[in-house]
Amino acid sequence: MLPLSYAPPHPRPNTCPSHKPKPQPLPRALPFPDALRAAAAAAAISLSLLAGNTAGAPPAWAVEQPPEICRVEDDGRDTEVKAEAVTNEQLVEEAWEVVNEGFLPDAGSRPWSPELWMQRKQDILQGSVKSRSRSHEIITKMLASLGDPYTRFLSPSDFSKMSKYDMTGIGLNLREIPDDNGSLRLMVLGLILDGPAHSAGVRQGDELLSVNDIDVRGKSAFDVSSMLQGPKETFVTIKVKHSNCGPVESMKVQRQMAARTPIFYRLEKRDNDNSSVGYIRIKEFNAVAKKDLVSALKRLQNSGASYFVLDLRDNLGGLVQAGIEIAKLFLNKGDTVIYTTGRDRQVQNTIVADSGPSVKTPVMVLVNNRTASASEIVASALHDNCKAVLVGERTYGKGLIQSVFELHDGSGIVVTVGKYVTPDHKDINGDGIEPDYRRLPDLSEARDYLLRCQSKKLS
């Protein structure tokens, strides 16, 4: 299962004077109390991949902007001083504090409360921690004591790999970063060294302005990542701004990596039915899943499909946002896709469809005990909104939300901070989703079921 999101370190801007500044030493890392505030700030944006832009917020270009103050973003060059910025004891306490602020109490198999967690901290920090490797061991054991298999420690090398996860095909990781006015900018938060984007001149901290001459202001990182995808060895033209004070540069980048389509489809006839069915299998949810599914739906409809079978069996998930966007294709405007709940208010969210459905014909969704995570979001959204019947076996039951936090020595921790709740307010985690049928029903039977479901919702 890929991480839900990457929470970048808190930026530390400095005003750029108009004249050439004197050489300055590398910025010093945040003192320890500020590190905890930075972790909180990171948590606040760590769900941006899941939630996208705030509903009803005007696009960036619709808001009158004050004169821009040129700032220099943190480009990660202070990495070498991070390890010396906090003591070993403070690093352990920093990890402890992230869990204390946001961990979902019922995610673990063992009882958790702020009081028990405080006692855990006191027990751990009774003596001094002699080395950085020892502090990492303590954090690992401390997180294991929660009894949550998804909450875990990441070494500096593992954290670096995760932050550079590439869903664009050109070797970069985009993140939505709010500016001083509340508008969102797409910043480069991770680069694959010597990858296509890096070789073309893109650097960490650059802002992405356009893709193939299409302005990306107001677009989500997920949507723009899909725009960057394309066949291997083809070219994409991007325009970037090098830091806030640097020049704007347009560059042609050759794609070296291409996400494989997870969509497989065919038109077929059922023995007991005269109508044609569009069968679509989704193996996983990746950056091109929505785009390829839209194409498959259109082709099958044009070929005469009167209803669809969506096969999510053995689909363990993938990109949560891809699952959410796919669910929206079948829902009415305003229908709830999923609720997210947690201790932190930033995690509490209601995600709704923002446009009408692409498909209005009945849908049957095939599920089994390996239908998990993003697949369960799609299945429950269509089922609870009376758009589909579920057929097969009870699903896996993976409904927890993880966020990734960077610690001050370049290591990180993955923490379970919330969970998914279906539109009918059922907890996915652990229980999974029970299907309506064990075997595919006739089309007329499925239609009757969905009509009864709709009538019940209206009453």
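Is the crossing of H11 and H12 right-handed or left-handed? The crossing of these two helices is right-handed. The model described here is predicted.

**Helices H11 and H12**
- H11 covers residues 320-328 and H12 covers residues 374-384; their axes lie 8 Å apart at an angle of about 20 degrees.
- Angles under 35 degrees count as roughly parallel, so H11 and H12 are roughly parallel to each other.
- On the H11 side, the contact is made by Val320, Gly323, Ile324 and Ala327.
- H12 contributes Ala374, Ile377, Val378, Ala381 and Leu382.
- Sorted by class, this contact has eight nonpolar residues, one polar residue and no charged residues.

**Helices H5 and H6**
- H5 (residues 114-124) packs with H6 (residues 132-144) at an angle of about 155 degrees, and their axes are 12 Å apart.
- Angles over 145 degrees count as roughly antiparallel, so H5 and H6 are roughly antiparallel to each other.
- The crossing of H5 and H6 is right-handed.
- Trp117, Arg120 and Ile124 of H5 meet Ile138, Lys141 and Met142 of H6.
- By class, the contact of H5 with H6 has four nonpolar and two charged residues, and no polar ones.

**Helix H4**
- H4 has 15 residues, 88-102, and reaches 22 Å from its first C-alpha to its last, close to the expected 21 Å.
- Because 11 of its 15 residues are buried, H4 is largely enclosed by the rest of the structure.
- Among the buried residues of H4 are Asn88, Leu91, Trp96, Glu97 and Gly102.

Notes: Residues numbered from 1 in each chain as written. Predicted model: local features only at pLDDT ≥ 70, side-chain atom pairs only at ≥ 80, totals over all residues. Heavy atoms only, no water. Helix = DSSP H or I, 4+ residues; strand = E, 2+ residues; numbered from the N terminus. Expected span 1.5 Å × (residues − 1). Buried < 20%, exposed > 50% of the residue type's maximum accessible area, 1.4 Å probe, protein only. Axes fitted to C-alpha atoms, helices over the stretch in contact; angles between N-to-C directions. Parallel < 35°, antiparallel > 145°, perpendicular 65-115°, else oblique. Left-handed = near helix turned anticlockwise from the far one by under 90°. Contact = heavy atoms within 4.5 Å. Nonpolar A, V, L, I, M, F, W, Y, C, P; charged D, E, K, R; others polar.
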